[in-house]
Amino acid sequence: EALPVLEAFLALVRRFYGDEDNILSAQTRLAACLGENGQHEEALALERVIYARQMAMNGASHELTIIAGYNAAIDLIALQLWDEAKPLLRDQLLPVARRLLGADHYITLAITYNIGTALQRDIKRTRDD
(Lines give C-alpha, C1' and ligand atoms only; values in the text may rest on other atoms or scores of the structure.)
Protein backbone atom coordinates (compact mmCIF):
# COMPACT_ATOMS: atom_id res chain seq x y z
CA GLU A 1 0.00 0.00 0.00
CA ALA A 2 2.85 2.39 0.71
CA LEU A 3 4.44 2.10 -2.72
CA PRO A 4 1.88 4.20 -4.66
CA VAL A 5 1.90 6.78 -1.89
CA LEU A 6 5.69 7.08 -2.00
CA GLU A 7 5.66 7.31 -5.80
CA ALA A 8 3.11 10.14 -5.58
CA PHE A 9 5.16 11.79 -2.85
CA LEU A 10 8.28 11.68 -5.03
CA ALA A 11 6.34 13.28 -7.89
CA LEU A 12 5.15 16.05 -5.56
CA VAL A 13 8.63 16.64 -4.21
CA ARG A 14 10.01 16.91 -7.75
CA ARG A 15 7.28 19.35 -8.71
CA PHE A 16 7.13 21.62 -5.67
CA TYR A 17 10.35 21.07 -3.72
CA GLY A 18 12.79 20.38 -6.49
CA ASP A 19 16.00 20.72 -4.50
CA GLU A 20 18.35 17.75 -4.69
CA ASP A 21 18.31 16.88 -0.97
CA ASN A 22 14.52 16.52 -0.84
CA ILE A 23 14.44 14.47 -4.04
CA LEU A 24 17.17 12.14 -2.78
CA SER A 25 15.35 11.70 0.52
CA ALA A 26 12.10 10.80 -1.25
CA GLN A 27 13.93 8.44 -3.60
CA THR A 28 15.60 6.73 -0.64
CA ARG A 29 12.22 6.10 0.97
CA LEU A 30 10.86 4.73 -2.30
CA ALA A 31 13.87 2.44 -2.78
CA ALA A 32 13.51 1.13 0.78
CA CYS A 33 9.84 0.35 0.14
CA LEU A 34 10.69 -1.43 -3.10
CA GLY A 35 13.27 -3.55 -1.31
CA GLU A 36 10.89 -4.37 1.54
CA ASN A 37 8.36 -5.51 -1.08
CA GLY A 38 10.93 -7.85 -2.62
CA GLN A 39 11.44 -5.69 -5.72
CA HIS A 40 15.21 -5.71 -5.29
CA GLU A 41 16.08 -5.11 -8.96
CA GLU A 42 14.05 -1.90 -9.02
CA ALA A 43 15.35 -0.89 -5.60
CA LEU A 44 18.95 -1.50 -6.66
CA ALA A 45 18.56 0.57 -9.83
CA LEU A 46 17.27 3.50 -7.78
CA GLU A 47 19.89 3.00 -5.06
CA ARG A 48 22.67 3.14 -7.66
CA VAL A 49 21.35 6.51 -8.84
CA ILE A 50 21.08 7.79 -5.27
CA TYR A 51 24.61 6.62 -4.40
CA ALA A 52 26.09 8.23 -7.51
CA ARG A 53 24.32 11.51 -6.80
CA GLN A 54 25.36 11.52 -3.15
CA MET A 55 28.93 10.80 -4.22
CA ALA A 56 28.84 13.68 -6.72
CA MET A 57 27.25 16.11 -4.24
CA ASN A 58 29.06 15.20 -1.03
CA GLY A 59 32.02 13.01 -1.89
CA ALA A 60 32.85 9.62 -0.41
CA SER A 61 33.55 10.95 3.10
CA HIS A 62 30.00 11.92 3.99
CA GLU A 63 27.52 10.01 6.13
CA LEU A 64 24.73 10.26 3.55
CA THR A 65 27.02 8.83 0.87
CA ILE A 66 27.96 5.93 3.13
CA ILE A 67 24.30 5.24 3.89
CA ALA A 68 23.39 5.36 0.19
CA GLY A 69 26.16 2.90 -0.64
CA TYR A 70 25.12 0.65 2.22
CA ASN A 71 21.52 0.65 0.99
CA ALA A 72 22.70 -0.39 -2.47
CA ALA A 73 24.80 -3.16 -0.92
CA ILE A 74 21.77 -4.54 0.91
CA ASP A 75 19.98 -4.99 -2.41
CA LEU A 76 23.11 -6.49 -3.97
CA ILE A 77 23.14 -9.06 -1.16
CA ALA A 78 19.43 -9.75 -1.60
CA LEU A 79 20.06 -10.36 -5.30
CA GLN A 80 23.11 -12.53 -4.48
CA LEU A 81 25.43 -10.26 -6.46
CA TRP A 82 28.39 -11.11 -4.24
CA ASP A 83 31.08 -9.89 -6.65
CA GLU A 84 29.63 -6.39 -6.41
CA ALA A 85 28.48 -6.42 -2.79
CA LYS A 86 31.76 -7.52 -1.19
CA PRO A 87 34.06 -4.89 -2.74
CA LEU A 88 31.50 -2.13 -2.20
CA LEU A 89 31.15 -2.96 1.47
CA ARG A 90 34.72 -4.04 2.24
CA ASP A 91 36.83 -1.78 0.04
CA GLN A 92 34.76 1.37 -0.42
CA LEU A 93 32.36 1.81 2.49
CA LEU A 94 34.05 0.21 5.50
CA PRO A 95 37.33 2.19 5.44
CA VAL A 96 35.47 5.49 5.08
CA ALA A 97 32.92 4.59 7.75
CA ARG A 98 35.65 3.61 10.21
CA ARG A 99 37.54 6.84 9.58
CA LEU A 100 34.52 9.15 9.54
CA LEU A 101 32.14 7.54 12.03
CA GLY A 102 34.37 5.30 14.13
CA ALA A 103 34.61 1.54 14.49
CA ASP A 104 31.76 1.31 17.01
CA HIS A 105 29.21 3.41 15.11
CA TYR A 106 26.04 1.51 14.20
CA ILE A 107 26.54 2.12 10.47
CA THR A 108 30.10 0.82 10.60
CA LEU A 109 28.93 -2.22 12.54
CA ALA A 110 26.12 -2.85 10.03
CA ILE A 111 28.60 -2.68 7.15
CA THR A 112 30.89 -5.15 8.94
CA TYR A 113 27.98 -7.49 9.66
CA ASN A 114 26.89 -7.46 6.02
CA ILE A 115 30.43 -8.17 4.81
CA GLY A 116 30.23 -11.30 6.94
CA THR A 117 26.81 -12.12 5.54
CA ALA A 118 28.05 -11.75 1.96
CA LEU A 119 31.10 -13.90 2.67
CA GLN A 120 29.03 -16.56 4.41
CA ARG A 121 26.45 -16.84 1.65
CA ASP A 122 28.83 -16.69 -1.33
CA ILE A 123 29.55 -20.30 -2.22
CA LYS A 124 32.42 -19.21 -4.46
CA ARG A 125 34.30 -17.42 -1.70
CA THR A 126 37.97 -18.10 -1.22
CA ARG A 127 40.35 -17.79 1.72
CA ASP A 128 41.55 -14.51 0.22
CA ASP A 129 38.06 -13.04 0.67
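Contact means that heavy atoms lie within 4.5 Å of each other. The legends below describe a predicted model.

**Figure 1. Surroundings of Ile 66 in the predicted model.** Neighbours within four places in sequence are left aside in this view. Ile 66 is then in contact with Ala 60, Leu 93, Val 96, Ala 97, Leu 100, Leu 101, Ile 107 and Ile 111.

**Figure 2. The largest nonpolar core.** This core has 37 residues. Those with the most contacts inside it are Leu 30, Ile 66, Leu 88, Leu 89, Leu 93 and Ile 111. Two or more residues each come from α1 (2-16), α2 (20-36), α3 (40-58), α4 (63-78), α5 (82-101) and α6 (106-121). The helix α5 gives the most, with nine residues. In soluble globular proteins, nonpolar side chains tend to be buried together.

**Figure 3. Packing of α4 against α5.** The two helices pack at an angle of about 155°, and their axes are 9 Å apart. Angles over 145 degrees count as roughly antiparallel, and α4 and α5 are therefore described in this way. The crossing of α4 and α5 is left-handed. Among the residues that make the contact are Ile 66, Tyr 70 and Ala 73 of α4 and Leu 89, Leu 93 and Ala 97 of α5. The contact comprises 15 nonpolar residues, one polar and two charged.

**Figure 4. Packing of α5 against α6.** The axes of α5 and α6 come within 9 Å and cross at roughly 160°; the helices are therefore roughly antiparallel to each other. This crossing is left-handed. The residues that meet include Trp 82, Leu 93 and Arg 98 in α5 and Ile 107, Ile 111 and Asn 114 in α6. By type, the residues of this contact are 11 nonpolar, three polar and four charged.

How values were computed. Residues are numbered from 1 along each chain as its sequence is written. This is a predicted model: local features need pLDDT of at least 70, side-chain atom pairs count only at pLDDT 80 or more; totals for chains, interfaces and linings use all residues. Side-chain values use heavy atoms; hydrogens and water are left out. A nonpolar core is a set of buried Ala, Val, Leu, Ile, Met, Phe, Trp, Tyr and Cys residues joined through side-chain atoms within 4.5 Å. Buried means under 20% relative accessible area, exposed over 50%, partly exposed in between (1.4 Å probe, protein chains only). Helices (H or I, at least four residues) and strands (E, at least two) are DSSP runs, numbered from the N terminus. Axes are lines fitted to C-alpha atoms, for helices over the stretch in contact, and angles run from 0 to 180 degrees between N-to-C directions. Angles under 35 degrees count as roughly parallel, over 145 as roughly antiparallel, 65 to 115 as roughly perpendicular and the rest as oblique. A crossing is left-handed if the near helix is turned anticlockwise from the far one by less than a right angle, and right-handed if clockwise. Ala, Val, Leu, Ile, Met, Phe, Trp, Tyr, Cys and Pro count as nonpolar, Asp, Glu, Lys and Arg as charged, and the others, Gly among them, as polar.
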